[in-house]
Amino acid sequence: MSDTPQRAAFTKGPWGLQFGDSRIGIVSERGEEIASVGSAPYYKGYSPTDYANAHLIAAAPDLVEALQECVDAMYSDNPADGWKEILDKARSVLARARGEG
C-alpha cells in the first residue's frame, strides 16, 4: 500500500435522485446507483431526514466543483475576477444540497 494520497475518483456528476417505495437512490447521469438512503424495507415512504440526506449526497459532485472554483479564484493572479458568478453558482449548489432547487 502506498503512502501517497490518491486523488478522488468518484463517479462524475451530475447525480440525481430516484424515488422508490422505501428508499431514495442517488444515481449517476447514466442511471447507475451510487448510494441510497431510506428506512427499513417494511416501512413505505421515507422521512424528511432521508429526503434531506439524499439531496445532500446527490449534490456532492457539484459541491466539490463549486468549492474548487472558490479555491482557484482565491489563489489566482487576480482573485477579484469572476467572484459574482462563482458565488452565484455556489449559492445555487448549496440550495440544491438543501433540497431547495
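Predicted model: local features only at pLDDT ≥ 70, side-chain atom pairs only at ≥ 80, totals over all residues.
Residues are numbered from 1 along each chain as its sequence is written, and side-chain values use heavy atoms, with hydrogens and water left out.

**Exercise 1.** Determine the strand order of the sheet and which strands stand at its edges.

Solution. Strands are DSSP runs of E with at least two residues, helices runs of H or I with at least four, both numbered from the N terminus, and two strands pair if DSSP finds at least two bridges between them. Three strands form an open, antiparallel sheet in the order β1-β2-β3. Because β1 (16-19) and β3 (33-38) each have a single partner strand, they are the edges, and one side of each lacks a neighbour in the sheet. Between β1 and β2 (residues 23-27) there are four bridges, and Gln18 has Gly25 of β2 as its bridge partner.

**Exercise 2.** State whether His55 is buried or exposed, and find its contacts.

Solution. His55 belongs to helix α1. Buried means under 20% relative accessible area and exposed over 50%, with partly exposed in between (1.4 Å probe, protein chains only); at 12%, His55 is buried. With contact meaning heavy atoms within 4.5 Å, and neighbours within four places in sequence left aside, His55 touches Leu17, Arg96, Ala97 and Gly99.

**Exercise 3.** Check the span of helix α3 (residues 83-97).

Solution. The expected span is 1.5 Å times one less than the number of residues. For the 15 residues of α3 this gives 21 Å, which agrees with the 21 Å between its end C-alpha atoms.
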